[in-house]
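Please examine the structure shown below.

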Amino acid sequence: MKKRLSLLVAMTILIVSAIAQRRPTLSIGLQGAQPIGEFAKVYNGVPFGLSGQFLVPLNRNMPFELGVSYSWNSMGSKNQDISVYIGTDEDGDDIYQNGTLYMNSNANRFALVGRLRPFNGVLQPYGDLTAGVETFRTKTTIDVITDNTGYSEGNNAQTQEFDMTTYYGWAAGMRIRLNTHLFLDMRFENLAGGAATYVDSDSVVITSQEEISFDTKTSKTDKYTYTLGITLGF
């Protein structure tokens with residue numbers, strides 16, 4: 001009798017968790033990306049960054065959700081003190097100011113997400129299907145420091161390298177309810193990415209006269225990602 005009662009209570013909890021009304025959710029977390037396959041052989045590093053998803057239930061009593069996601073991962077950076085050419089004086093002599101050149105390489109992913117989240121209780125496992133585009137951009141910015149005020153101003157922002165590819169994959173995660181609207185969220189993704197060209201961060205050389213040289217690499221961009229963050233239910 002006790003076993004039957006315990007089983008009935010457990011089934012009731014599961015049913016209530018499954019059919020409880022669902023709300024749109026916003027997730028934000030820290031993310032690490034692990035290159036795999038060809039990407040791991042060509043790219044040396046583990047890009048870290050941020051990731052977020054916004055999902056809306058198809059029906060407040062159904063376990064299916066649709067939404068969008070965005071991820072940003074740093075793929076390397078470098079800075080160098082330089083002499084920045086400002087112009088010429090009245091005598092026609094070149095004028096230089098001290099400055100710093102910053103070079104940053106980033107990967108950005110934009111995707112659609114379909115999610116199955118069968119339970120809506122304290123523990124909420126879920127599975128995703130996702131597909132989107134990923135961009136690889138390397139940009140430089142120069143900060144010029146004036147002699148009189150020491151004020152630093154960013155200028156001359158330039159894209160040195162840019163490429164874009166598509167990707168698709170699946171994800172699995174677990175939410176743990178902390179209170180009515182807040183959850184701890186842990187998520188793993190397995191992403192198959194197309195071929196892309198990106199800057200080899202180990203090859204970047206910046207001279208004192210604003211001159212930049214670097215090599216690029218091309219490979220498929222398959223990866224695992226690991227995200228730990230929070231989710232807010234509206």
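R115 and D128 are both buried, where buried stands for under 20% relative accessible area, exposed for over 50% and partly exposed for the range in between (1.4 Å probe, protein chains only). The model is predicted, so local features need pLDDT of at least 70 and side-chain atom pairs count only at pLDDT 80 or more, while totals for chains, interfaces and linings use all residues. Residues are numbered from 1 along each chain as its sequence is written, and side-chain values use heavy atoms, with hydrogens and water left out.

## Salt bridges

Side chains of opposite charge can pair when their charged atoms come close. A salt bridge here is a side-chain nitrogen of Lys or Arg within 4 Å of a carboxyl oxygen of Asp or Glu. Eight such salt bridges are found in a search of the whole structure.

| Pair | N to O distance |
|---|---|
| R115 and D128 | 2.6 Å |
| R187 and D128 | 2.8 Å |
| D200 and K217 | 3.9 Å |

The side chains of R115 and D128 meet in a salt bridge. Because R115 belongs to strand 4 and D128 to strand 5, this pair ties together parts that are 13 residues apart in sequence. Strands (E, at least two residues) and helices (H or I, at least four) are DSSP runs, numbered from the N terminus.

D128 also meets R187 in a salt bridge. This second pair links distant parts of the chain, with R187 in strand 7 and D128 in strand 5, 59 residues apart. The relative accessible area of D128 is 4%, so D128 is buried. R187 is likewise buried, because its relative accessible area is 5%.

D200 forms a salt bridge with K217. The two residues are 17 residues apart: D200 is in the loop between strand 8 (195-199) and strand 9 (205-206), and K217 is in strand 11 (residues 216-220). D200 counts as buried because its relative accessibility is 16%. K217 has a relative accessible area of 24%, so K217 is partly exposed.

## Cavities

On a 1 Å grid over the protein atoms alone, a cavity is a set of points where a 1.4 Å probe fits but cannot get out; lining residues have an atom within 4 Å of a point. Grid points are joined across faces, edges and corners, and a volume is the space filled by probe spheres set on the points.

The structure has five cavities of 30 Å³ or more. The volume of the largest cavity is about 70 Å³. Its lining includes R187, D185 and Y126. At least two lining residues come from each of strand 1 (25-35), strand 2 (48-57), strand 7 (182-193) and strand 12 (223-233). By class, the lining of the largest cavity holds three nonpolar, seven polar and two charged residues. In this division, Ala, Val, Leu, Ile, Met, Phe, Trp, Tyr, Cys and Pro count as nonpolar, Asp, Glu, Lys and Arg as charged, and the others, Gly among them, as polar.

The second largest cavity contains about 50 Å³ of space. Among the residues that line the second largest cavity are A33, F39, P47 and K223. Strand 3 (64-88), strand 4 (94-116) and strand 5 (123-145) are the elements that give two or more residues to this lining. The lining of the second largest cavity divides into six nonpolar residues, one polar and three charged.

## Pocket and surface

A pocket is an open set of points with protein on both sides within 12 Å along at least five of seven lines. The largest pocket has a volume of about 160 Å³. It is lined by 13 residues, of which R23, N120, R177, T180 and F183 are the closest to its centre. Its lining residues divide into one nonpolar, seven polar and five charged.

L26, I28, F54, V56, V68, L112, L232 and F234 make a nonpolar surface patch of about 690 Å². Patches are made of residues with over 30% relative accessible area and no salt bridge; like charges are joined within 9 Å and nonpolar side chains (Val, Leu, Ile, Met, Phe, Trp, Tyr) within 5 Å. Accessible areas come from the Shrake-Rupley method with a 1.4 Å probe, and for residues only the protein chains shown count as cover. Strand 1 and strand 2 each supply at least two residues of the nonpolar patch. F54 belongs to strand 2, and F54 counts as partly exposed because its relative accessibility is 34%.
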